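Here's a quick briefing to read alongside the model. Take a look at the structure first, then run through the points below.

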Amino acid sequence: MKLLTYSTVFLFINFGALAIGSWLMNNGPQTQWYQDLNQAPWTPPGWAFGVAWTSIMICFSIYMAYLYKASPNAKLIGLFIVQFLLNVSWNYIFFNRHFIILGLVCLLLLTLVVGKILWDYKTLLKYKSLLIMPYFIWLCVAASLNGYIVFNN
């Protein structure tokens, strides 16, 4: 398969994850529950989340296309599936169920999985590994935001 085909497949899957997650959060950021939380002073404005996630998923899709083309194996698919499930479930856990501690655990696990993908395949992809860095960095920021909410509410 060609890289463009892999990129298209991963774009579809990753933006599908964003759509499912958005649906599962049930207008979470606009709810009174979320608005009433003591939030971190470094919480970005609402519009930044859409811009960030769109950019992240484009980069991550291209990264996964390169990676899958170079090393299509069960371990990679397993890590990708775990990443997908954790990414989608955080929205439901945090915004829909209001389980802020479990949300933090979910985010930390997601960060570890994305970090593992980065670490395990950095030698194979070399400089292309920079494409997964926005995802990893954003997850660190998201974990800090969720952690602030856990410890200050």
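Burial first: buried means under 20% relative accessible area, exposed means over 50%, and partly exposed is in between (1.4 Å probe, protein chains only). This is a predicted model, so local features need pLDDT of at least 70 and side-chain atom pairs count only at pLDDT 80 or more, while totals for chains, interfaces and linings use all residues. Residues are numbered from 1 along each chain as its sequence is written, and side-chain values use heavy atoms, with hydrogens and water left out.

**Lys128**
- Lys128 sits in the loop between H5 and helix H6 (133–152); helices are DSSP runs of H or I with at least four residues, numbered from the N terminus.
- Lys128 counts as partly exposed because its relative accessibility is 23%.
- Setting aside neighbours within four places in sequence, Lys128 is in contact with Tyr63 and Tyr66 (contact is heavy atoms within 4.5 Å).
- Trp90 is 38 residues from Lys128 in sequence, and the two are 27 Å apart in space, C-alpha to C-alpha.

**Cysteines**
- There are 0 disulfides here, a disulfide being a pair of cysteine sulfur atoms within 2.5 Å.

**Leu102**
- Leu102 is part of helix H5 (residues 100–125), and with 45% relative accessibility it counts as partly exposed.

Technical notes
Helices (H or I, at least four residues) and strands (E, at least two) are DSSP runs, numbered from the N terminus.
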